[in-house]
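I opened my notebook for a friendly look at a ligand and its surroundings. Here is the structure I worked from.

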Amino acid sequence: MGKERLVGKVALISGGARGMGASEAQLFIDEGAKVVITDVLDSDGEATAKRLSPDGTACKFFHHDVTKEDHWKSAVDFAIKEFGQIDILVNNAGIFERGTVLDTSLDAYMKTININQVGVFLGMQAVAPHMVSRQKGSIINISSVAGLSGTPGFLAYGASKWAVRGMTKGVAKELAPFGVRVNSIHPGIIDTPMLQTFDQAGEGVREMVRSRIPLGYESEPVNVARLALYLASDDSSYSTGSEFVVDGGMTA
Ligand code: NAP
């Protein structure tokens, strides 16, 4: 496969300082894209951008809290000023905090909903006018296997990820007449800093989770990045409003 699937395209990836977002940024740049990574983690974000593009011509970092509408406007303006356009939005930023219906406070619930759900809504709303005016674009919303079934202890997280899946389908139909595609990705257990919450939950929790993966191992972030690459590229031009699962068979 040639390294050319995203030549001429510009991507904005939220939560791209580390984890899956950073892996997507690396693969997109390898395939010819220019990428703006955004995050609340400034030093990690600056370091990732520098690592992926030492001269700054292919990758730039922008400070961005996805819960803030004005930050989204600034991030979109920044990407267009630096690289001329936005062809791809990856709504990747997210948090995971364990909690059941018995022990989740309203504040904790709303924190997760604001980042994981409202952040995705604001992101789609911020790029849609630009993509509609260009009559093209691909929006990739990172949901989870927790957005496909019920998971005990994932009350707020599951609610936010189901909402992402639902919004994706509705917005896909709204934007299809304008040539803009919207799809969701549903990762299983991916080895990123987010998994530290499993380690903090107690000894053996991570092994127990791993035992539920038919392929038998947690994935590296690059497997999610490869799926995001497919959805970002014109190879997926007939796919919109769909959910794409990368979970080692967990939800089979
Ligand atoms: P990660 O390593 O924690 O990366 C997520 C990034 O988003 C972090 O840098 C995080 O910073 C940032 N972020 C948090 N709140 C933000 C905000 N308000 N505005 C902007 N950035 C913010 O996690 P990951 O595993 O790569 O997760 C990426 C996406 O995949 C998330 O949406 C997650 O829910 C989803 N996902 C992950 C897994 C998995 O097993 N890892 C599975 C299914 C789905 P902080 O450190 O400040 O939080």
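My entries on the ligand site and an aromatic pair follow.

**Ground rules.** I am working with a predicted model, where local features need pLDDT of at least 70, side-chain atom pairs count only at pLDDT 80 or more, and totals for chains, interfaces and linings use all residues. Residues are numbered from 1 along each chain as its sequence is written, and side-chain values use heavy atoms, with hydrogens and water left out.

**Ligand shell.** I looked up the residues around the ligand and found 28, with Arg18, Asp39, Asn92, Tyr157 and Thr192 coming nearest (a residue is near if one of its heavy atoms lies within 4 Å). Helices α1 (19-30) and α5 (155-175) each supply at least two residues of this shell (helices are DSSP runs of H or I, at least four residues; strands are runs of E, at least two).

**Polar contacts.** Next I checked N or O pairs within 3.5 Å. A polar side-chain atom of Arg18 lies 2.7 Å from a ligand oxygen. For Met20, a backbone N or O atom is 2.8 Å from an oxygen of the ligand. The side chain of Lys161 has an N or O atom 2.9 Å from a ligand oxygen.

**Aromatic pair.** I then turned to ring pairs (centres within 6.5 Å; planes under 30 degrees apart are stacked, over 60 edge-to-face, the rest tilted). The structure holds five aromatic pairs. Phe96 and Tyr157 have ring centres 5.0 Å apart and planes at 90°, so I noted this pair as edge-to-face. Phe96 is in the loop between β4 (88-91) and α4 (106-134), and Tyr157 is in helix α5, 61 residues apart.

How values were computed
Polar contact = N/O pair within 3.5 Å; in protein donor to acceptor, adjacent residues only side chain to side chain. Phe/Tyr/Trp six-rings, centres within 6.5 Å; stacked < 30°, edge-to-face > 60°.
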